[in-house]
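This report is written for a reader who is meeting the structure for the first time.

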Amino acid sequence: MSTSLIQRRDDLIAELRRFEGRWPEIVKRANVSHSWLSQFARRKIPNPGIETLDRVSTAISELSASDIRAAG
């Protein structure tokens, strides 16, 4: 069973909150504006688009991976 878009949005928002101090890096990697990211995190964007969600998710994954490499 695939994850619903709403669940995916909620999971991504939870991840964004964990990385809140690193939003400038996410913005740059995902090619979105800080304003867009902030509005998305506050659920103000009703239809964020799958491709944009993918870019934000990838940016967070890359930051997580770089944190793991730095700690190891």
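## Helix packing

Helices α1 and α4 pack at an angle of about 35°, with their axes 11 Å apart. The model behind these values is a predicted one, in which local features need pLDDT of at least 70 and side-chain atom pairs count only at pLDDT 80 or more, while totals for chains, interfaces and linings use all residues. Residues are numbered from 1 along each chain as its sequence is written, and side-chain values use heavy atoms, with hydrogens and water left out.

Helices (H or I, at least four residues) are DSSP runs numbered from the N terminus, as are strands (E, at least two). Axes are lines fitted to C-alpha atoms, for helices over the stretch in contact, and angles run from 0 to 180 degrees between N-to-C directions.

The crossing of α1 past α4 is left-handed, a term for a near helix turned anticlockwise from the far one by less than a right angle, with right-handed used if the turn is clockwise. From α1, the residues Leu5, Arg8, Leu12, Glu15 and Leu16 make the contact, and from α4 the residues Ile50, Leu53, Asp54, Val56, Ser57 and Ile60, where contact means heavy atoms within 4.5 Å. These residues divide into seven nonpolar, one polar and three charged; Ala, Val, Leu, Ile, Met, Phe, Trp, Tyr, Cys and Pro count as nonpolar, Asp, Glu, Lys and Arg as charged, and the others, Gly among them, as polar.

| Pair | Angle | Axis distance |
|---|---|---|
| α1 and α4 | about 35° | 11 Å |
| α1 (residues 5-18) and α3 | about 115° | 9 Å |
| α2 (residues 23-30) and α3 (residues 34-41) | about 110° | 9 Å |

The angle between α2 and α3, about 110°, makes α2 roughly perpendicular to α3, since angles of 65 to 115 degrees count as such, those under 35 as roughly parallel, those over 145 as roughly antiparallel and the rest as oblique. This crossing is right-handed, and Trp23, Ile26 and Val27 of α2 meet His34, Leu37, Ser38 and Ala41 of α3, a set of five nonpolar, two polar and no charged residues.

By contrast in handedness, α1 passes α3 in a left-handed crossing. There, Arg9, Leu12, Ile13, Leu16 and Arg17 in α1 touch Leu37, Phe40 and Ala41 in α3, and the residues of this contact divide into six nonpolar, no polar and two charged.

## The nonpolar core

A nonpolar core is a set of buried Ala, Val, Leu, Ile, Met, Phe, Trp, Tyr and Cys residues joined through side-chain atoms within 4.5 Å. The largest one has 19 residues, of which Leu16, Ile26, Trp36, Leu37, Phe40, Val56 and Ile60 touch the most other members. Two or more residues come from each of α1, α2, α3 and α4 (50-71), and α4 gives the largest share, five residues. Leaving out residues up to four places away in sequence, Leu37 touches Leu16, Trp23, Ile26, Val27, Val32 and Val56.

## Single residues

Asparagine 31, in the loop between α2 and α3, has a phi near 55°, a positive value in a residue other than glycine. Asparagine 31 is exposed, at a relative accessible area of 63%, where exposed means over 50%, buried under 20% and partly exposed in between (1.4 Å probe, protein chains only).

Arginine 43, in the loop between α3 and α4, also has a positive phi, of about 60°, and is partly exposed at 40% relative accessibility. Threonine 52 lies in α4 and is buried, with a relative accessible area of 15%; apart from neighbours within four places in sequence, threonine 52 contacts Val32 and Trp36.
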